[in-house]
Amino acid sequence: ALVTLTSRATGLSQKTAATGSGLFRFPSVRIGEYNLQVEAPGFQVAKVEGLRVETATATQRNVQMQLG
């Protein structure tokens, strides 16, 4: 799956690919609020808005994908 992380403050985006088990990582993300979008063939686009990233912590988010 293609995972896109977009800063709500700047509009800048980063993209990465999820592993076969669905794991993904954005190693260098500044503190702030982000929108997360996940796209995969055969599935609807999944979106998470207002994801908060804090300092010195890992942010984890499980995203449910719907067929379609």
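Entry 1, strand pairing. I looked up strand 3 and strand 4 (residues 46-53) and found them antiparallel, joined by 6 bridges. Strands here are DSSP runs of E with at least two residues, numbered from the N terminus, and two strands pair if DSSP finds at least two bridges between them. The model is predicted, and local features need pLDDT of at least 70, side-chain atom pairs count only at pLDDT 80 or more, and totals for chains, interfaces and linings use all residues. Residues are numbered from 1 along each chain as its sequence is written, and side-chain values use heavy atoms, with hydrogens and water left out.

I then checked single partners. Gln37 has Lys47 of strand 4 as its bridge partner, and Val38 stands opposite Ala46 in strand 4. The hairpin of these two strands has 6 residues between the strands, and Gly42 there takes a positive phi near 85°.

On strand 1 (residues 2-7), I found 6 bridges to strand 3 (residues 32-39), again antiparallel. Leu5 stands opposite Leu36 of strand 3.

Phe26 is buried at 15% relative accessible area, while Phe24 is partly exposed at 28%. Buried means under 20%, exposed over 50% and partly exposed in between, with a 1.4 Å probe and protein chains only.

Which residues form the largest nonpolar core? I listed 11: Val3, Leu5, Ala18, Phe26, Tyr34, Leu36, Val38, Ala46, Val48, Leu51 and Val53. Such a core is a set of buried Ala, Val, Leu, Ile, Met, Phe, Trp, Tyr and Cys residues joined through side-chain atoms within 4.5 Å. Strand 1, strand 3 and strand 4 each supply at least two of its residues, and strand 4 gives the most, with 4.

Last, I looked up Leu36. Leaving out residues up to four places away in sequence, Leu36 touches residues including Val3, Leu5, Phe24, Phe26 and Val63 (contact means heavy atoms within 4.5 Å).
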